[in-house]
Amino acid sequence: MFERIILSLIFLTTSPILGGILRGMDRKLTARFQNRIGPPIIQPFYDVIKLWSKKPIISSNLQPVFAGLYSLLSLIALALVIFGQDLLMAVFTLSSADVSMILGSYSIRSPYSYVGARRELIQVLTSEPLLVLTSVGFYFATGSFGVSEILGLGKPLILSLPGFFIAFLMALPIEARKSPFDISASHHAHQEIVRGVFTEFSGYSLALIEIGHWIKLILFLSILGLFFPNNLLFGAVIAFLSYFLTIMVDNIFPRLTWSAMLKGVWTISLILISLNLISLFGGVLG
Amino acid sequence: MSLRGKAAVKSPWILHVNCGSCNGCDIEILAALTPRFDVERFGMLHMGNPKHADVLLVTGPANRRNAKVLKNLYEQTPEPKVVVAVGTCASTGGVFYNCPNVLGGIDEVIPVDVYIPGCAARPEAIIDGVILALKKLAKGAE
């Protein structure tokens, strides 16, 4: 028990560093896909330190508060998962993190910021139901929302929840701000209106948002790993491969419009989830 | 060099401002982003937002029409920042020198740190100029 708490604490404190390295790998891989050399893997850390040391330009007093809340709530959501607490609670904490970023964008009377906030709202509307449904799927398969109860299960959950797994994979690029779902803020197109949600954030508030994003990435990959509770190492490998797949899809596909995203993701994932639930209750899947 | 200075040098985010250039220098700036030159290996990113930028890359002569815009963009960029004038027009006014609607080089409107000559400036020269400006940026960060 004591050992597990220490391990969880170590994972929690290193999670922003892990997330930063994942982002650095993303930039390096993207550069290699495009036949470029690309920045070093620790580039995101340079970016954040630089942003932190810039002189702040604060358009609204609330803005840094919301940026801080975003990273803090993401960290709390990750802590809930790592310490084996309620998965549904973690998902709702994550939603409030997203909402605090949207409020941060809305707290400034700037048209670009408003457009970004509205687009972010649509992204949250698309991905959050999938996350809640995934937690419900875990409940149906294991009889509990608790992460420690899910981890106590001796068999891989992917066998009972394949539809939920694919639906969750579709939510991953939305939350990682990757093409084809990079509607509110994209990783590549820094000049376009899609940078909207970040427009008014600068200096240390942008750095806080970036750190929150790293934590959120680790949280998502941890939930992906939960589909393999009997062998967490294998789960980590699958989560890493899913991230690699997301980067590849990001480089191959152009951006969709928000309506195409909403309709496409909801139609496909709801069909998969319903089929999965029907077969789960019909006794086809374990 | 302190950590702050090192981070500032390793991650210069660039804002490209066109003050009425003929697009020659702008195309050369875009060429610097391509696989052949790949400025992202130095951590440089092409930003569209002055609030995220560290380096202002200005092309074209300063003129009465957009002097206000240029000044506004300069003021919206948070400190520490550097300004690089790309091409002959941005440095001195170039072929537009003494035109009634042209003020001259962009140093008539905002303080310039590095001048890159050339019509159009070559991508190698632009990268060289930005790297030169980074020394000043590091000093500003410390």
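Mentor: Let us start with Asn66(B), which touches Asn18(B), Cys19(B) and Gly20(B), leaving aside residues up to four places away in sequence. Keep in mind that this is a predicted model.

Trainee: Where is Asn66(B) found in chain B?
Mentor: Asn66(B) is in the loop between strand S4 (62-63) and helix H3 (67-76) of chain B.

Trainee: What makes Asn66(B) count as buried?
Mentor: Its relative accessibility is 17%, and buried means under 20%. Asn66(B) therefore counts as buried.

Trainee: How do you know that Cys119(B) and Cys89(B) are too far apart for a bond?
Mentor: Their sulfurs are 5.9 Å apart, whereas a disulfide needs the two sulfur atoms within 2.5 Å. The pair is therefore too far apart for a bond, and the structure holds zero disulfides over all chains.

Trainee: Are these cysteines buried or exposed?
Mentor: One of each. Cys89(B) has a relative accessible area of 18%, under the 20% limit, so it is buried. Cys119(B) has 76%, which is over 50%, so it is exposed.

Trainee: What makes the phi of Asn23(B) worth a remark?
Mentor: Phi is near 85° there, a positive value in a residue other than glycine. Asn23(B) sits in the loop between strand S1 (13-18) and helix H2 (24-31) of chain B. With 42% relative accessibility it counts as partly exposed, because that label covers values between 20% and 50%.

Trainee: What is the phi of Asp38(B)?
Mentor: Asp38(B) has a positive phi of about 45°, although it is not a glycine. It is found in the loop between H2 and strand S2 (45-47) of chain B.

Trainee: Which peptide bond involving Pro180(A) is cis?
Mentor: The one from Ser179(A) to Pro180(A), with omega near 5°. In chain B, a cis peptide bond joins Glu79(B) and Pro80(B), with omega about -10°.

**Rings**

Trainee: Why is the pair of Tyr106(A) and Tyr114(A) called edge-to-face?
Mentor: The ring centres are 5.2 Å apart, and rings pair when their centres lie within 6.5 Å. The planes stand at 85°, and an angle over 60 degrees counts as edge-to-face.

Trainee: What angle lies between the planes of Phe165(A) and Phe228(A)?
Mentor: That angle is 85°, with 6.2 Å centre to centre, and this pair is edge-to-face too. It links distant parts of the chain, 63 residues apart: Phe165(A) is in helix H7 of chain A, and Phe228(A) in the loop between H8 and helix H9 (232-252) of chain A. Phe165(A) has a relative accessible area of 10% and Phe228(A) has 6%; buried means under 20%, so both labels follow. Ring pairs also link these two into a cluster whose members include Phe138(A), Phe168(A) and Phe220(A).

Trainee: What makes Lys81(B) a charge over a ring?
Mentor: Lys81(B) lies over the face of Tyr74(B), at 4.0 Å from the ring centre.

**Charged pairs**

Trainee: How do you know that Arg36(A) and Glu40(B) form a salt bridge?
Mentor: Their closest N and O atoms are 2.7 Å apart, and the cut-off is within 4 Å, so the pair qualifies. This pair crosses between chains, and Arg36(A) and Glu40(B) are both buried. They also belong to a network of salt bridges with Arg27(A), Asp47(A) and Asp38(B).

Trainee: What does the salt bridge of Lys216(A) and Asp98(A) tie together?
Mentor: The side chains meet at 2.7 Å, N to O. Lys216(A) lies in helix H8 of chain A and Asp98(A) in helix H4 (residues 87-106) of chain A, so the pair ties together parts that are 118 residues apart in sequence. Lys216(A) has a relative accessible area of 3% and Asp98(A) has 1%; under 20% is buried, so that is what we call them.

Definitions and conventions
Residues numbered from 1 in each chain as written. Chains lettered and ligands numbered in written order. Predicted model: local features only at pLDDT ≥ 70, side-chain atom pairs only at ≥ 80, totals over all residues. Heavy atoms only, no water. Buried < 20%, exposed > 50% of the residue type's maximum accessible area, 1.4 Å probe, protein only. Helix = DSSP H or I, 4+ residues; strand = E, 2+ residues; numbered from the N terminus. Contact = heavy atoms within 4.5 Å. Phe/Tyr/Trp six-rings, centres within 6.5 Å; stacked < 30°, edge-to-face > 60°. Lys NZ or Arg CZ within 6 Å of the ring centre and 35° of its normal.
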